[in-house]
Amino acid sequence: MTILIPVFGDQLSLDLSSLADMDQADSIVLMMEVADETTYVRHHKQKLVYILSAMRHHAEALRTAGWRVEYIHLYDPENSGSFTGEVARAVARHEVSQIVVTESGEWRVAAMLDAWPTIFGLSVEIRVDTRFLCSHAAFAAWADSRSELTMEFFYREMRRKTGLLMDEGKPAGGRWNFDKDNRKRAQADLLMPRPLAFSPDAITRDVIALVKERFADNPGSLDGFDYAVTAQDAERQAVSFFTNALPQFGDFEDAMLTGERFLWHSILSPYINSGLLNPLDLCRRAETEYREGRAPLNSVEGYIRQIIGWREYVRGIYWREGPDYVDRNFLGHSRALPDWFWTGDTDMHCLAETIGQTLATAHAHHIQRLMVIGNFALLIGADPKQVHHWYLEIYLDAYEWVELPNTLGMSQFGDGGLLGSKPYVSSGAYINRMSDYCGHCCYDVGKRIGEDACPFNALYWDFLARHREKLGKNRRLTMPYRTWDRQSESDQAKTRAQAAEYLTSLD
Ligand code: FAD
Ligand code: DLZ
Ligand code: SF4
């Protein structure tokens, strides 16, 4: 009798909970490339290459570690196209006594796992995913005891739980959060670190050929694919980040520069999310950089907060809010995204730059995603579900549990403020403050009215005016509404007409 252990494409860790304590002689690990997963959104071509190549390399790593692995390729003639279909075929091939699996990363796949005991008439043990610090039960216990789910308080719990940056029960440096120090504008710098580039090996080249043939119409470019696809190379990128970028990560966390795609960011999220790197291990190593005097506290605290704070928190929200979270649309937005979201062909430099780099590399950093692309989508009243699909398909690190709360919740205010106490909207002034984009743009960021006025400006005020009923009482928006009210009726009318003209041009 055999125990079947299905391992999904975001479970590429040798210390996965479903493998722990299992007898290698009695177990078969099943890895499956399936049409359902490759087509549930139109994934960026590089995302497909990354996941399929990382899966193939991981199968080799498992074999080297002594596991018997059955690997189903997308082109296998018998491939049924779904996880359930492939488990069914494996059950028919072997005398399976039990299925052991680590819980899935999203509701869609969780529903499949729940159906397996009935479909297969077998015991299915679904294990907690121990790569996360906070289990669903622990998050529920935290959330049930409070009226507001503020990330900052959750983060403090995670600091206490892990002991990260704690000195005798108190936060290192006397403060929990050093975000105020982390808003510097960056200058072009020839010494700026670059993420390591990894040449595609034979396995990756095979996958590139497959994606070229099967997914030719998917968005994004395949040119220059150079991401890591093994745990060893992901580790090399982690070392490079700690050595070259972490010390300035904090200072320039929110900065944006034309032609600079990565700045001092880690570019590790794809590897963490698919399992090649362990998030807590990275945080402990970041803390060591601080303790040993190689990186300042504002950088290290900022980095650790993103991982044990935001990353764990959005996962908690995703599972707490349930499968219909995706349907929330607090502001009732319904506009389709402009076609140029899939080409980058717009005369707004900030958007051409951020969407252009996204199509070229399947990556953009947080502020580009939030304050340029997401900001624009929110200001034009884009349908939050379509915005969610765009982010899910386009980024290398996108899996629904992490992408949906960030996009629909934080960025599009679709949940009415569960993740952020006010919508993340701004005029062109914020983009101008944090980047050099406006200096390269045909629009004038200082103007609200006129043919060459920055579209963000009129759209920003129009957004506030048209959502007054829902947002007017938000305490964090008191100042902007006051500023709006101080403007003359004729100025207000001109602003709204300018926004209306722009919105019509999108249709
Ligand atoms: P760094 O800037 O180096 O940050 C360090 C690490 O912190 C990241 O590697 C990541 O693991 C974690 N992190 C930082 N911010 C967040 C966050 N808000 N939520 C979760 N983890 C975070 N991140 C994803 O991993 N997948 C997504 O699909 C995703 N979609 C996003 C959509 C929107 C609209 C926004 C605003 C943010 C999204 N993020 C997502 C968060 C963030 O943009 C990326 O984690 C980050 O840009 C990854 O690049 P990095 O590894 O260089 O991150
Ligand atoms: C994203 C993705 C893609 C594109 N393809 C596969 C695949 O063929 N096989 C697989 O096991 N996983 C894939 N993934 C990642 C899964 O969608 C992800 O592991 C599930 O969301 C699990 O919840
Ligand atoms: Fe973007 Fe406006 Fe600046 Fe142009 S002027 S880059 S549209 S913010």
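Q: Hi! By class, how many nonpolar, polar and charged residues does the shell around ligand 1 have?
A: The shell around ligand 1 has 12 nonpolar, 11 polar and four charged residues. Here Ala, Val, Leu, Ile, Met, Phe, Trp, Tyr, Cys and Pro count as nonpolar, Asp, Glu, Lys and Arg as charged, and the others, Gly among them, as polar. Before we go on: this is a predicted model, where local features need pLDDT of at least 70 and side-chain atom pairs count only at pLDDT 80 or more, while totals for chains, interfaces and linings use all residues. Residues are numbered from 1 along each chain as its sequence is written, chains are lettered from A and ligands numbered from 1 in the order in which they are written, and side-chain values use heavy atoms, with hydrogens and water left out.

Q: Thanks. Which residues are the closest to ligand 1?
A: H265, S266, I267, N273 and N406 are the closest of the 27 residues that surround ligand 1. A residue is near a molecule if one of its heavy atoms lies within 4 Å of it.

Q: And what polar atoms lie by ligand 1's nitrogen and oxygen atoms?
A: A polar side-chain atom of Q306 is 3.4 Å from a nitrogen atom of ligand 1, and one of H366 is 3.3 Å from an oxygen atom. D397 has a polar backbone atom 3.0 Å from a nitrogen atom of the ligand. A polar contact is a pair of N or O atoms within 3.5 Å.

Q: How much of ligand 1 does the protein bury?
A: The protein buries 99% of the 820 Å² that ligand 1 exposes when taken alone. Accessible areas come from the Shrake-Rupley method with a 1.4 Å probe.

Q: Switching to ligand 2, where does it sit?
A: Ligand 2 sits in the largest cavity. A cavity is a set of points, on a 1 Å grid over the protein atoms alone, where a 1.4 Å probe fits but cannot get out, and a molecule sits in one if more than half of its atoms lie within 2 Å of its grid points.

Q: Which residues have atoms by ligand 2's oxygen or nitrogen?
A: D10 places a polar side-chain atom 2.7 Å from an oxygen atom of ligand 2. M32 has a backbone N or O atom 2.7 Å from a nitrogen atom of the ligand, and G105 has one 3.1 Å from an oxygen atom. The protein covers 100% of the 490 Å² of accessible area that ligand 2 has on its own.

Q: Which element gives the most to that shell around ligand 2?
A: α2 does, with four residues. Helices are DSSP runs (H or I, at least four residues), numbered from the N terminus.

Q: What about ligand 3, which classes make up its shell?
A: The shell around ligand 3 has 10 nonpolar, one polar and no charged residues. Among the residues surrounding ligand 3 are C350, C438, C441 and C454.

Definitions and conventions:
A polar contact is a pair of N or O atoms within 3.5 Å; within protein, one must be able to donate a hydrogen and the other to accept it, and residues adjacent in sequence count only if both atoms are side-chain atoms. On a 1 Å grid over the protein atoms alone, a cavity is a set of points where a 1.4 Å probe fits but cannot get out, and a pocket is an open set with protein on both sides within 12 Å along at least five of seven lines; lining residues have an atom within 4 Å of a point. Helices (H or I, at least four residues) and strands (E, at least two) are DSSP runs, numbered from the N terminus.
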